[in-house]
Each structure stands twice: as C-alpha cells, then as structure tokens.
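I opened this notebook to record what I looked up, element by element. The entries follow the order in which I went through the model.

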Amino acid sequence: MMGTVYLVGAGPGDPGLLTVRGKELLEKADCLVYDRLIGPRLLELAPAGCERIDVGKTAGHHTMPQAEICRLLAQKAGQHQTVVRLKGGDPFVFGRGGEECLYLKEQGVPFEVVPGITSAVAGLAAAGIPITHRGIARGFRVYTAHDLADGFGGLDFAQLARTDDTLVLLMGLSRLEEISRRLLQAGKPGHTPAAIISRATLPTQRTARSTLDTIAAEADRLGLESPALIAIGPAVALGQQLNWFENRPLFGRRVLLPCTGPDRRLARLLEEQGAAVQAVQVSRLEPHPEAWASLCKGAGASWAAFTSRNGVKFFFEAARAAGADARCLAGVQIAALGPATAKALEQYGLRADFISPAATGEGLAAALADEMMEDDRLLLVGPEGDPAPCWQSLGVPVIYAPVYRNTAEQTALPAGPFDFAVFTCASAVERCQALAAAEGTTLAARLSGAAAAAMGPVTARAMEQAGLAPIQADSPGYPPLVRLLCRLAAEN
C-alpha cells in the first residue's frame with residue numbers, strides 16, 4: 001500500500017514555532033526528509049527507528065538537486081507509511097513545495113500540506129516589526145532575491161518605490177547593496193526605515209536597523225550572515241519601540257548546560273528568557289538491572305524515601321516490568337525530598353506523607369530521624385552507588401534500593417566561551433571534569449570567564465572540588481535558578 005507524503009512547514013527557526021499538526025506527524029514519521037536549516041530539536045521528535053535523509057541546500061551547493069528530491073519522496077512513499085518532508089518556514093512560501101506536490105500528484109502518491117509559520121512574518125515580529133500597522137502600512141509584499149538571475153527584471157522597482165507597504169525580501173543579503181541602489185534610483189526616499197534580521201527567532205538573532213540609504217553599510221559593519229531577511233518601509237521604524245525578542249533578560253547569553261538525563265525543562269526555561277543554551281549530554285540514566293530484586297528486599301518496610309524525580313520514575317518502571325504497581329507500597333509511609341519529588345509521586349497516584357523542606361539528602365535524613373519510631377524500617381530509593389553516610393545515622397534499619405544508574409556518554413565539551421555554566425547534579429560536574437581532563441585541561445580552565453551556577457548544595461560542593469566558584473539560588477527549583485541568571489545578566 002502506498003504511503004503518504006506530508007509536506008510540513010518547520011517554521012522560521014525557533015523549534016517552539018512548529019505547529020501542533022507538524023509535531024504529531026514528526027512523532028510518528030517512518031521516514032524524514034529534511035532541509036539544511038532544520039534545528040536538531042525538531043529532528044529529535046522523530047522516532048528512533050525513523051529513516052532520516054538530509055537533502056539540505058546552501059548557496060552554490062545542493063546536497064541533492066530538486067528533481068532528485070521529488071523522485072526520492074515518491075520512492076520513500078512506496079517503502080514507508082508516513083513520509084515527512086520537513087521544510088523551513090512554510091512549504092508554499094518560496095519553499096518549492098508546489099513543485100514537489102505536482103510531482104507527487106503525477107506519480108499518484110497521496111500527499112498533505114501542513115502550513116508553517118513563514119519567516120517573512122515571524123522574522124519581522126522577532127525584531128519587533130509589525131508587518132502591517134494601521135495608518136502606516138496597509139499591506140506587505142514578499143519576494144525572494146535568491147533566484148533573480150535576471151538582474152531583478154521581475155521586480156517593478158518603480159512601483160515598490162511608490163508604496164508604503166512593507167517590503168520583505170528573503171535570501172537577499174548578498175544583493176542588499178544592489179537592492180538599495182535600485183530602490184533609491186526609482187525614487188524611494190533614502191530615509192525610509194530599513195532593517196536586516198539575521199538568524200531570525202533564534203537566540204543568535206542579530207538585527208541591523210537603519211535607513212534605506214545606509215542599511216547596506218550597517219549590515220556590513222555588523223558582519224551579519226545568512227540566512228537573513230530584508231525589511232523596508234515605514235512600519236519598520238516601530239521595531240525600535242517594540243523589540244521584545246532581543247530585550248529578554250538572557251538574550252544572546254551563551255549557557256552551557258550539561259545533562260544527565262532526558263529532562264529538558266531547565267533548557268526550555270532558559271530559552272524562554274532568550275538564552276542560547278548549549279545542552280550537552282554528558283551521561284544518561286538507565287534502569288538498574290537488579291532494581292526490582294533490591295526493592296523486594298524492602299518488603300515489610302514501614303517507610304519509603306524518594307530523593308529525586310528520577311528515583312520515582314525508575315521505581316515505577318521497575319514495578320511495572322515486574323507486573324506490580326503503586327499497591328506494592330500499600331501501608332507504607334512515603335517521604336519525598338522536596339516538592340518536585342512529591343509532585344512526581346502524585347503523577348503515579350501517591351501523596352507523600354512527609355516532604356522535606358531541605359534540598360539535600362542530609363536534610364531529609366535529619367528530618368526523618370524525628371519522624372520515625374524504633375521499630376520502623378526504611379526503604380531508600382535512589383541511584384546506583386553507596387548511600388550517603390547520613391542514612392546510617394537514623395537508628396533504624398535502612399534497605400537501599402538502587403533503581404537506576406548513571407552511564408557516561410562518549411562526548412566532548414563544546415567550545416566556549418560561555419557566559420554561564422549551569423550544573424544540576426554532582427555527577428554532571430564530575431563527568432565534565434573528566435571530559436576536561438581528557439582534553440589535557442581542567443573544568444575551571446574550560447569555563448574561565450563564565451559564572452557557574454549550582455542546583456543545590458551537594459552540586460555546589462562538587463563544583464568547589466573541581467575548582468569552580470559556584471553561585472546558588474536562594475531557594476530550590478529551576479525557576480529560582482533562572483531568575484538568578486537573569487539578575488546576574490542585568491548586573492553585567
């Protein structure tokens with residue numbers, strides 16, 4: 001049976017601007033055919049077994065000619081049920097989506113077009129420029145300067161010079177000087193507001209703002225690079241007042257975020273504030289092969305203590321694999337390290353009987369010492385390795401059940417410089433220190449000039465041992481940590 005080809009618009013660059021329909025299709029794709037400017041976060045949405053094919057194009061170099069791309073789509077539709085053709089922006093806005101659809105139609109291949117947010121509109125919005133504005137710009141005109149080999153013979157510069165519509169030119173940075181000259185020669189006033197937006201909607205976005213007669217020189221002075229948008233017209237001047245995107249607290253700040261698991265919530269929070277987050281997977285979390293056997297040793301325990309969200313997750317994965325569920329904790333009092341761990345328990349239908357206000361295992365152990373009776377037994381759930389000595393001072397039997405382990409990834413630290421480095425656990429610090437040592441240096445030297453932030457006192461101690469000077473938020477959790485970075489960025 002012939003599969004379906006879905007032409008999906010990926011949006012202007014920011015992965016968060018992908019449509020809901022586009023995300024649904026990516027998550028079930030059997031084959032993914034994608035363009036050069038597609039970000040890695042979107043590619044990660046596809047299933048692990050999805051066939052991935054890069055057909056990206058750059059100026060003067062095509063990984064695969066358009067005719068071959070069309071034939072490839074038809075071929076893959078004969079091999080897979082769901083083929084996603086992921087294209088930057090919108091498939092039908094200078095994306096050659098129409099050509100691909102016509103070919104698929106001729107070959108009898110079913111297809112569907114999923115619109116995307118075009119950079120012609122979103123890129124301007126990210127620079128604070130409304131593409132239309134009452135009383136200033138009643139409309140807009142979008143052109144591409146990339147394939148105008150006829151010397152702009154297809155553009156009526158005289159007409160463009162007369163209108164107050166916002167003029168948007170895609171892929172025209174290399175011809176900016178010529179475009180400006182043609183408009184000026186046609187009578188467009190030299191004081192007409194103009195802007196160049198490079199890498200629009202990304203944390204690395206840069207914008208040149210000037211007037212038509214000087215915009216080329218300004219773009220050259222700033223060293224702007226493609227991909228870039230050209231915007232010309234009276235409404236462009238509003239970008240000076242409405243520039244929300246580049247005025248976010250962490251805009252353009254480079255943040256190193258070593259990750260030890262799949263959780264990317266902190267990265268998202270930082271990106272919402274404008275940070276350019278370099279998330280590097282230094283290790284991965286895996287189920288412990290003896291997790292359920294360890295848990296069974298805790299049968300008869302009167303208390304169960306969970307020290308992290310990961311412990312909760314892997315506990316229930318081990319229980320599910322053994323054919324059990326939350327009922328295995330019937331009659332057991334539950335202790336959680338902090339509100340985040342307690343919330344993770346609630347997702348499995350369990351409400352913690354005791355939530356430690358302290359942000360460390362030592363704090364939880366000390367608090368539990370006042371709650372437990374002499375005849376109690378404690379099941380302690382956590383990662384592989386020996387539990388901290390504090391748990392042996394409770395005065396009651398402690399059965400330690402490692403339900404997951406931290407396995408190092410073969411990777412390398414990305415090149416700096418960084419404005420901030422954020423560590424969420426001690427193991428991330430230790431792994432980064434090992435990676436730096438493999439390069440013949442130290443973590444402190446690699447992060448020279450960066451402010452290093454710690455999630456909690458245990459992580460801070462590990463950072464101090466690595467020669468770093470950690471800063472900490474005044475309360476636990478991701479939001480306070482992000483607010484701390486925002487405050488530091490404002491001060492520097």
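In which sense do β16 and β19 pair, and over how many bridges? I found that β16 and β19 pair in the parallel sense over 4 bridges, where two strands pair if DSSP finds at least two bridges between them. Helices (H or I, at least four residues) and strands (E, at least two) are DSSP runs, numbered from the N terminus.

Ground rules. I noted that this is a predicted model, in which local features need pLDDT of at least 70 and side-chain atom pairs count only at pLDDT 80 or more, while totals for chains, interfaces and linings use all residues. Residues are numbered from 1 along each chain as its sequence is written, and side-chain values use heavy atoms, with hydrogens and water left out.

Strand β19 (residues 378–383) and strand β20 (residues 398–408) run parallel and are joined by 6 bridges. I also checked how covered β19 is: 5 of its 6 residues are buried, buried meaning under 20% relative accessible area, exposed over 50%, and partly exposed in between (1.4 Å probe, protein chains only).

Entry on A304. I placed A304 in strand β16 (residues 303–306), and its relative accessible area of 0% makes it buried. Leaving aside neighbours within four places in sequence, I listed L329, V332, Q333, I334, A335, L378 and L379 as the residues in contact with A304, contact meaning heavy atoms within 4.5 Å.

Entry on S294. I then turned to helix α10 (residues 291–296), in which S294 lies. S294 counts as buried because its relative accessibility is 11%, and beyond its neighbours within four places in sequence it is in contact with I399, Y400, A401 and P402.

Entry on the open sheet. I traced an open sheet of 5 strands in the order β8-β9-β12-β10-β11, with mixed pairing. Because β8 (140–144) and β11 (206–211) stand at the edges with a single partner strand each, one side of each is left without a neighbour in the sheet. Neighbouring strands of this sheet are turned by 15 degrees against each other on average, direction ignored. Strand β9 (residues 166–170) runs antiparallel to strand β12 (residues 228–232), with 4 bridges joining them, and L170 has L229 as its bridge partner in β12. I also saw helix α8 (residues 215–222) lying across β10 (193–198) and β11, at about 150 degrees to β11; axes are lines fitted to C-alpha atoms, for helices over the stretch in contact, and angles run from 0 to 180 degrees between N-to-C directions.

Entry on α3 and α4. Where do the axes of helix α3 (residues 66–77) and helix α4 (residues 97–106) come, and at what angle do they cross? They come within 9 Å and cross at roughly 45 degrees. The two helices are therefore oblique to each other, since angles under 35 degrees count as roughly parallel, over 145 as roughly antiparallel, 65 to 115 as roughly perpendicular and the rest as oblique. The contact is made by Q66, I69, C70, R71, L73 and A74 of α3 and E99, E100, Y103 and L104 of α4.

Entry on salt bridges. I counted a salt bridge where a side-chain nitrogen of Lys or Arg lies within 4 Å of a carboxyl oxygen of Asp or Glu, and by this rule the count comes to 22. D35, R85, K87 and E100 are linked in a network of salt bridges, and E100 is also among the α4 residues in the contact with α3. E24 and R21 meet at 3.7 Å, N to O, and being 3 residues apart in helix α1 (residues 20–27) they are separated by about one helical turn. D325 and R327 meet at 2.7 Å, N to O, with D325 partly exposed at 31% and R327 exposed at 68%.
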